[in-house]
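Biologist: Hi! Could you take a close look at the interior of this model for me and walk me through what you find?

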Amino acid sequence: PDGVEQAITVTNIRHFGVGYQLTADIYNPKDPNQLFCFRQSKKNTIESVGHQGQMLDDNYGADYSDGTILYVHPPNGFSNQQWNYTDHRIITARTQNAVTFVKENDIHPFRLYPIDDEKLQRFSIRYSYNDQQSSIYS
């Protein structure tokens, strides 16, 4: 609504000392923390370019009532790290929940919720063909 593009960004804040939190920041295609690679060859994982070896991961708790927190994490058996990009939504293969931007929450603004047109679940992906990296922004 404010006309400013924001991108999913890996912070440098550790999540339980293992992975890194995700937040939204002003889109900057030169920021490696906003660059991700979609790896079909690695079971459809989304890997952070700025934090090598870290993949988008939904494995945080079993209670989806408040939305599972998203973060990047080293390989975790892949079942929690497989994704589909469908209808402008990023959907986890395991639970079929969509990445949702929760604007009111500054620390963990991205959570997983059931697919819902009323929520901020639509993302665009900008591809960089030179280095085969892609940037996910909301």
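Modeller: Happy to! Strands are DSSP runs of E with at least two residues, helices are runs of H or I with at least four, and both are numbered from the N terminus. Glu-47 sits in strand β4, residues 45-48. This is a predicted model, where local features need pLDDT of at least 70, side-chain atom pairs count only at pLDDT 80 or more, and totals for chains, interfaces and linings use all residues. Residues are numbered from 1 along each chain as its sequence is written, and side-chain values use heavy atoms, leaving out hydrogens and water.

Glu-47 counts as buried because its relative accessibility is 8% (buried is under 20% relative accessible area, exposed over 50%, partly exposed in between, with a 1.4 Å probe and protein chains only). Among the residues that Glu-47 touches, beyond those up to four places away in sequence, are Phe-36, Arg-39 and Met-55 (contact means heavy atoms within 4.5 Å).

Now the largest nonpolar core: 17 residues, with Leu-22, Trp-83 and Phe-110 among those with the most contacts inside it. Strand β2 gives the largest share, 3 residues. Such a core joins buried Ala, Val, Leu, Ile, Met, Phe, Trp, Tyr and Cys residues through side-chain atoms within 4.5 Å.

Phe-110 also belongs to one aromatic cluster with Phe-101 and Phe-123. Rings of Phe, Tyr and Trp (its six-membered ring) pair if their centres lie within 6.5 Å; planes under 30 degrees apart are stacked, over 60 edge-to-face, the rest tilted. There are 2 aromatic pairs. Phe-101 and Phe-110 are tilted, at 5.4 Å centre to centre and 40° between planes, and both are buried.
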